Amino acid sequence: MLELQQLFQDLDRIVIEQDPIIQNIETKAIETHDNMEAGNVHVGKAVNSARAARKKKWICLGICVAIMLLIIIIVLIYMGVTGKFSSNKPAGQ
């Protein structure tokens, strides 16, 4: 019986000694959970920002292509009006 009592006292002492360590582990687990939630929020914002940036790049590309087409059309019209396309050179030259 005394041996059993001594065993329980030893077990109680070990549990009391490890209590601060377990509390520290619980605190770190809570901090990790909070940081994970904050990280998920930041990742969501980053995904939305990346999508918006990609969309803006495509819009800029479209504007550049439209400007280039407009310039080509203007040059072709100008050359057609001024007669640069027609070859009025004599056949012997």
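Q: What makes M79 partly exposed?
A: This is a predicted model. M79 has a relative accessible area of 28%. Buried means under 20% and exposed means over 50%, with partly exposed in between, so M79 is called partly exposed. The residue is placed in helix α1.

Q: How far apart are the C-alpha atoms of M79 and I25?
A: They are separated by 80 Å, and the two residues are 54 apart along the chain.

Q: Why is I77 called exposed?
A: The relative accessible area of I77 is 53%. Exposed requires a value over 50%, so I77 qualifies as exposed. I77 lies in helix α1, which covers residues 2-82.

Q: Which residues form the nonpolar patch on the surface?
A: The patch consists of W58, L61, V65, L69, I72, I73, L76, I77, V81 and F85. Together they have about 1,000 Å² of accessible area. Membership needs over 30% relative accessible area, and I77, one of the patch residues, has 53%.

Q: Why is V41 called partly exposed?
A: V41 has a relative accessible area of 47%.

Q: What makes the contact of E17 and R13 a salt bridge?
A: The N to O distance between the two side chains is 3.1 Å. The rule asks for a side-chain nitrogen of Lys or Arg within 4 Å of a carboxyl oxygen of Asp or Glu, so the E17 and R13 pair counts as a salt bridge. By this rule the count comes to one.

Q: How are E17 and R13 placed in helix α1, and how are they classed by accessible area?
A: They are four residues apart in the helix and are therefore separated by about one helical turn. E17 is partly exposed at 48%, and R13 is partly exposed at 43%.

Q: How many helices and strands does the chain have, and why is it called more spread out than a compact globule?
A: The chain has one helix and zero strands. Its radius of gyration is 40 Å, whereas the globule rule gives 12 Å for 93 residues; the value is well over the rule, so the chain is more spread out than a compact globule. The C-alpha atoms fill a box of roughly 130 × 25 × 15 Å along the principal axes.

Note on methods. Residues numbered from 1 in each chain as written. Predicted model: local features only at pLDDT ≥ 70, side-chain atom pairs only at ≥ 80, totals over all residues. Heavy atoms only, no water. Patch = residues over 30% accessible without salt bridge, like charges linked within 9 Å, V, L, I, M, F, W, Y side chains within 5 Å. Areas by Shrake-Rupley, 256 points an atom, 1.4 Å probe, with all protein chains shown as cover. Helix = DSSP H or I, 4+ residues; strand = E, 2+ residues; numbered from the N terminus. Buried < 20%, exposed > 50% of the residue type's maximum accessible area, 1.4 Å probe, protein only. Rg over C-alpha atoms; globule rule 2.2 N^0.38 Å.
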